[in-house]
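Let's take a walk through this structure together, from the overall fold to a few individual residues. Keep the viewer open as you read.

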Amino acid sequence: MVTMEKKPLRWFYKKYKLPFMKVLIQMIGYLSLLTGYAYMLLFNIGEDFSYTDYFLIGWMANFCLHETKQVLVSVARKRFENYANDWWNRLDWVLMITFTCGMLLKFGENSFSNDAGKIFLVVTFILLCIRILNMFSMSEFVGPKLIIIQKMFKDTYAFMTIMIVIMISFNVSYYSLLYPNSELSWSGIENIMKNGFWMLFGEFDPESDTLREPDCTFDKTAYTNGVLERCPETLGVYLSPYVRAIYGLIAIVLMLNLLIAIYRQVFKS
């Protein structure tokens, strides 16, 4: 009769009972998932089912069963609130939902659903990479840093609220001075919002907002059809540098230094 008391099963069972071995085996399995997932995204994201898809679906199905078991146990022990408040558990359910949506849309009948499926699958891979940090939370070196990062995120939410208000005020003012009476479209909204965003990272091309004819045109038909770029208004050419300077002073100098000070305070506490 085969039991855990027989060699070599007894040796393996004793080793497996160690917390370190459980974490190691779990990490090896998780790394195999990430490797297979990366292979699927990079080299095998076709419209037909492959062995990689079966492997990922099987792994995620097992993962879903494990999370469902945790939910049932927490409900039975009347600790579901503790389970729901753990943001790692929330992350698990979000990545399972995004993976399911991605796989369903991946095998859609049109290109739009295929592209949407790829986006969901890429988001799932990012979430899976973030989740691996949970395995390092027990480390005496990495664990405290993860706690600090969580606290930093809480302070970042309030900071981003203020920053978004400042950014929107600059983007709308800046673009309206240069290109009034623009067409309402998604590409137009993107052009409006990208100025203040990329300035935060030092990416800005002032020459594109100082074009003159014949390098650009005021003809609506020409710049709408993409023949030439639209010329900025004369008033905007003169005023936009000052608006940009004020925004840089507030957003880059003041707000980013405030964010650094907030992070430093969190790290000290």
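This is a predicted model: local features need pLDDT of at least 70, side-chain atom pairs count only at pLDDT 80 or more; totals for chains, interfaces and linings use all residues.

A word on burial comes first: buried means under 20% relative accessible area, exposed means over 50%, and partly exposed covers what lies in between, with a 1.4 Å probe and protein chains only. Residues are numbered from 1 along each chain as its sequence is written, and side-chain values use heavy atoms, with hydrogens and water left out.

Now for the fold. Helices (H or I, at least four residues) and strands (E, at least two) are DSSP runs, numbered from the N terminus. The protein chain has 10 helices and 2 strands, and their order from the N terminus is α-α-α-α-α-α-α-α-β-α-β-α. Contact here means heavy atoms within 4.5 Å. Of the contacts in the protein chain between residues at least 6 apart in sequence, 62% join residues at least 24 apart. The protein chain exposes about 18600 Å², with carbon and sulfur atoms supplying 67% of it.

In soluble globular proteins, nonpolar side chains tend to be buried together. A nonpolar core is a set of buried Ala, Val, Leu, Ile, Met, Phe, Trp, Tyr and Cys residues joined through side-chain atoms within 4.5 Å. The largest such core has 21 residues, and those with the most contacts inside it are Tyr30, Tyr37, Leu95, Phe99, Leu121 and Leu128. Helix H2 (19–43), helix H3 (51–76), helix H5 (87–106) and H6 each contribute at least two residues to this core, and the largest share, 7 residues, comes from H2. There is also a second, separate core of 15 residues, which includes Tyr174, Tyr179, Met199 and Tyr247.

Apart from its neighbours within four places in sequence, Leu128 touches Tyr30, Leu33, Leu34, Tyr37 and Leu95. Met96 and Leu128 are 32 residues apart in sequence, and their C-alpha atoms are 9.7 Å apart in space. Met96 sits in helix H5 and counts as buried because its relative accessibility is 7%. Setting aside neighbours within four places in sequence, Met96 is in contact with Met60, Phe63, Cys64 and Glu67.

Which charged side chains pair up? A salt bridge is a side-chain nitrogen of Lys or Arg within 4 Å of a carboxyl oxygen of Asp or Glu, and the count by this rule is 2 salt bridges. In one of them, Asp53 pairs with Lys106, the closest N and O atoms being 3.0 Å apart. This pair links distant parts of the chain, with Asp53 in helix H3 and Lys106 in helix H5, 53 residues apart. Both Asp53 and Lys106 are buried. Arg131 and Asp92 also meet in a salt bridge, at 2.4 Å from N to O. Here too distant parts of the chain are linked: Arg131 is in helix H6 and Asp92 in helix H5, 39 residues apart. Arg131 counts as buried because its relative accessibility is 8%, and Asp92 counts as buried because its value is 2%.

Val122, Ile126, Ile130, Leu133, Phe136, Phe141 and Val142 form a nonpolar patch with about 560 Å² of accessible area together. Leu133 lies in the loop between helix H6 (111–131) and helix H7 (143–178), and counts as partly exposed because its relative accessibility is 34%.

Finally, a look at the backbone. Most residues other than glycine have a negative phi. Lys78 has a positive phi, near 60 degrees; Lys78 lies in the loop between H3 and helix H4 (80–85). Asn181 also has a positive phi, near 55 degrees, and is found in the loop between H7 and helix H8 (186–199).

Conventions
Patches are made of residues with over 30% relative accessible area and no salt bridge: like charges are joined within 9 Å, nonpolar side chains (Val, Leu, Ile, Met, Phe, Trp, Tyr) within 5 Å. Accessible areas come from the Shrake-Rupley method with a 1.4 Å probe; for residues, only the protein chains shown count as cover.
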